[in-house]
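Please open the structure in your viewer and keep the selection tool at hand.

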Amino acid sequence: HALGNVTHLNLTGCREIKNVSSLGRVHTLNLCNCSQVKDVSALGQVHTLILKGCHQITDVSDLKKVHDLDISFCYRVTDISMLTSVHTLRCGGSEQFLAQIGLADLDLDDRDGCYKKIRASILASVRVFVFGGFKFVNY
C-alpha cells in the first residue's frame, strides 16, 4: 500500500486531513485534533487509534476490533455500545458518554463504587476504561 512499511503515524493537529481510508493498516495511528475527519470506518484493524478531539466523527461502530481506542472529546459520538470488545477505552471530556451507558452518576471520588458500576454496565468486558483522568482496570 501507499505507506509501505509505516507502522506508527502521528498526524496530530493536521486539520486539513479528511480522508483516512488508506491508513487502516497502520499499527498505531494518532489523529488527535484532526478536526475534518468524519469517516473512520476503514480504521477498524488499527491496533492503537487516537481520535481525541476529532469533533466531526459520529460513528465508531467499525472500531470494535481496535485494541486501544481514545475517543475523548469526540462530542458527536453518541453510541459506544458496540465497543465492548475494545481492550482499553478512553472517552474523557464529556459526560454524555457516561450518561449513554448508564453511568451518568459515576462518582469519581468513590473508586469502589465506580468499579461496581462499570462492571455492571455494558463496559464490563472492557479491560481498561479511562475517564476524567481516572483509570479503571477490570480483571
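The following stops describe what may be found at each selection. This is a predicted model, in which local features need pLDDT of at least 70, side-chain atom pairs count only at pLDDT 80 or more, and totals for chains, interfaces and linings use all residues. Residues are numbered from 1 along each chain as its sequence is written, and side-chain values use heavy atoms, with hydrogens and water left out.

Select Thr-88, which belongs to strand β5 (residues 88-90); strands (E, at least two residues) and helices (H or I, at least four) are DSSP runs numbered from the N terminus. Is Thr-88 buried or exposed? Thr-88 counts as buried because its relative accessibility is 7%, where buried means under 20% relative accessible area, exposed over 50%, and partly exposed in between (1.4 Å probe, protein chains only).

Next, display the surroundings of Thr-88. Beyond its neighbours within four places in sequence, Thr-88 is in contact (heavy atoms within 4.5 Å) with His-67, Asp-68, Leu-69 and Val-128.

Now select Gly-133, in the loop between β6 (128-131) and β7 (134-137). Gly-133 counts as exposed, because its relative accessibility is 77%.

Proceed to Asn-33, in the loop between β2 (28-30) and β3 (48-50). Its phi is near 60°, a positive value in a residue other than glycine. With a relative accessible area of 31%, Asn-33 is partly exposed.

Finally, select Phe-73, in the loop between β4 (68-70) and β5. The phi of Phe-73 is positive, near 60°, in a residue other than glycine. Phe-73 counts as partly exposed, at 31% relative accessibility.
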